[in-house]
Amino acid sequence: MSGYQGKKNIPRITSDRLLIKGAKIVNDDQSFCADIYMEDGVIKQIGENLIVPGGVKTIDAHGRMLMPGGIDVHTRFQMPDRGMTSADDFYQGTKAALAGGTTMIIDHVVPEPGVSLMSAFEQWREWADGKSCCDYSLHVDITEWHKGIQEEMETLVKDHGVNSFLVYLAYKDIFQLTDAQVYEVFSVIRDLGAIAQVHAENGDIVAEEQRRILEQGITGPEGHVLSHPEEVEAEAVNRAVTVANQTNCPLYVTKVMSKSAADVIAQARKKGTVVYGEPITASLGTDGSHYWSKNWAKAAAYVTSPPLSPDPATPDYLNSLLSCGDLQVTGSAHCPFNTAQRAVGKDDFTLIPEGVNGTEERMSIIWDKCVVTGKMDENQFVAVTSTNAAKIFNLYPRKGRIAVGSDADLVLWDPDVTKIISAKSHNSTVEYNIFEGLEVRGGPLVVISQGKIVLEEGTLHATEGSGRFVARKPFPDYVYKRIKARSRLAELRGVPRGLYDGPVCEVSVTPKTMTPVSSAKTSPAKQPNQPVRNLHQSGFSLSGAQIDDNVPRRNTQRIVAPPGGRANITSLG
């Protein structure tokens with residue numbers, strides 16, 4: 001494992017052999033008491049009275065819980081935004097993750113328009129390989145769509161260990177894809193055996209609302225949440241579920257922020273859709289009331305999309321859905337910007353760079369909100385903080401499980417330790433913490449990454465560049481067993497019948513001028529004006545003459561006299 005210690009000659013922090021005695025081992029399906037021995041970053045033995053080499057560093061767990069290290073399925077470290085970069089790079093971000101008990105992150109590659117997926121992916125690999133303190137993997141975001149992108153997706157899946165791609169239904173004129181494009185992308189993703197992720201908001205409505213709210217003179221961070229009403233998130237989740245059903249593609253909804261969006265996912269799952277929901281630390285731990293703070297910098301620190309819900313009951317609701325299995329995984333979408341960067345949008349909320357903190361706080365907040373309150377037990381906690389993610393993204397059982405042969409990424413958890421979250425003590429570089437002042441119970445005592453102790457007695461020993469890229473294979477069983485079963489059922493068959501040889505009506509094809517459609521190419525103003533009928537005028541006269549007798553009838557129309565006689569028809573022209 002010494003090859004993973006980084007690019008510089010950094011002194012060894014611990015030996016590569018470690019024994020933990022008297023632990024209560026907690027997996028997603030069971031808890032049991034045992035000793036555990038690890039060597040070269042891998043778990044070698046689990047049981048009682050283990051025979052281990054001499055001189056091994058030993059930790060006495062005193063019956064405390066030992067869990068698989070957390071997997072943060074959604075980070076955006078070092079994220080470029082209009083020439084700026086989010087405040088926490090891969091070193092700072094993964095260090096914060098380790099401090100909270102997370103030993104693996106999956107970051108999002110965001111190709112700028114015009115940049116190929118491969119070159120963006122390689123750029124992210126370069127950034128993360130040099131700085132990451134824990135193992136990592138990468139999702140790739142699809143920010144535009146053409147034939148070349150499909151070929152790159154195939155290359156990423158087959159040769160570069162990517163099995164998840166994200167599409168945007170939001171960010172109009174920047175990243176947003178049309179429904180038809182999403183349909184095509186989902187079809188490609190299904191054939192490749194990958195997971196379709198979606199940023200779910202109706203970008204068209206958001207753009208209109210932003211314009212309307214700015215015109216009303218509202219420029220502060222409250223404008224952000226006002227222009228992203230909750231139902232535009234729920235509508236987009238519903239649309240994504242519909243497209244996923246039509247394409248038989250597994251769907252993964254990132255950043256579930258509102259009750260109604262979570263409800264759409266829960267209902268779709270009850271109907272059998274293969275869909276997973278990812279609430280984030282922010283939506284589980286706080287709400288959107290802060291957008292109305294008198295302190296602009298504080299209010300701006302909460303800006304993210306979809307926004308935090310102004311409904312203060314939302315976090316409790318999402319924690320309940322996470323606890324009962326309607327939502328399955330948790331990320332942080334950790335992408336904070338400092339105040340000077342946010343101030344780019346001081347006069348226009350649409351220009352505030354988006355993103356919140358949450359990678360360090362994720363596991364403690366979930367423990368405090370779900371386990372302490374009795375909504376879930378420690379096994380479900382392991383499921384939603386690591387195991388489910390490992391299964392969905394095909395990392396299991398290397399990650400997300402304590403078993404012989406699994407990676408030695410472990411957390412010795414103290415259920416009783418209390419901590420008040422504060423920007424003064426967090427490991428992020430930003431001035432505001434969106435959970436400022438929140439007291440949480442439960443936190444890591446010891447964190448082990450790649451078989452090495454990286455947190456002990458409150459002290460971090462993170463090594464820059466020691467994180468490895470973890471390649472993920474396509475077709476994860478946990479997801480694709482159901483997809484494959486459905487594809488066998490879904491074959492469409494026509495009805496065998498004789499040829500129709502009766503009369504066929506002749507139709508004249510008229511151009512569609514009745515309903516001018518506004519598009520980028522043709523504006524409604526250029527369409528020929530159609531005569532407008534006055535619907536308040538009576539459509540018939542006592543003489544039987546109709547107001548539109550001079551309009552030629554469309555010869556495809558059959559008029560059947562309704563009950564009560566022909567006089568009941570006013571106009572069907």
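Predicted model: local features only at pLDDT ≥ 70, side-chain atom pairs only at ≥ 80, totals over all residues.
Which handedness, left or right, does the crossing of α1 and α2 have? The crossing of these two helices is right-handed. A pair of aromatic rings is described by the distance of the centres and the angle of the planes.

**Aromatic pairs**

- The structure contains 14 aromatic pairs.
- One of them joins Phe90 and Tyr136, whose ring centres are 6.4 Å apart.
- The planes of Phe90 and Tyr136 stand at 55°, so this pair is classed as tilted; the tilted class lies between the limits of 30 degrees for stacked and 60 for edge-to-face.
- Phe90 belongs to helix α1 (residues 90-99) and Tyr136 to strand β10 (residues 135-142), so the pair ties together parts that are 46 residues apart in sequence.
- Phe90 is buried, with a relative accessible area of 0%, and Tyr136 is buried with a value of 0% as well.
- Tyr276 and Tyr478 form another pair, with ring centres 6.3 Å apart.
- The planes of Tyr276 and Tyr478 are at 25°, so the pair counts as stacked, the limit for that class being under 30 degrees.
- Tyr276 lies in strand β14 (residues 275-279) and Tyr478 in helix α15 (residues 477-489), which makes this a link between distant parts of the chain, 202 residues apart.
- Tyr276 is buried, at a relative accessible area of 2%, whereas Tyr478 is partly exposed, at 37%.

**A cluster of rings**

- Phe77, Phe90, Phe121, Tyr136 and Phe469 are linked into a cluster by ring pairs.
- Phe90 and Tyr136, the tilted pair described above, are both among the members of this cluster.

**Charges over rings**

- Lys259 has its charged end over the ring of Tyr317, at 5.6 Å from the ring centre.
- Lys391 is placed over the face of Tyr396, 5.1 Å from the centre of that ring.

**The contact between α1 and α2**

- The axes of α1 and helix α2 (residues 117-131) come within 8 Å of each other.
- These axes cross at roughly 60°, and α1 and α2 are therefore oblique to each other.
- On the α1 side, the contact is made by Phe90, Tyr91 and Thr94.
- On the α2 side, Trp124, Trp127, Ala128 and Lys131 take part in the contact.

Terms used
Residues numbered from 1 in each chain as written. Heavy atoms only, no water. Phe/Tyr/Trp six-rings, centres within 6.5 Å; stacked < 30°, edge-to-face > 60°. Helix = DSSP H or I, 4+ residues; strand = E, 2+ residues; numbered from the N terminus. Buried < 20%, exposed > 50% of the residue type's maximum accessible area, 1.4 Å probe, protein only. Lys NZ or Arg CZ within 6 Å of the ring centre and 35° of its normal. Axes fitted to C-alpha atoms, helices over the stretch in contact; angles between N-to-C directions. Parallel < 35°, antiparallel > 145°, perpendicular 65-115°, else oblique. Left-handed = near helix turned anticlockwise from the far one by under 90°. Contact = heavy atoms within 4.5 Å.
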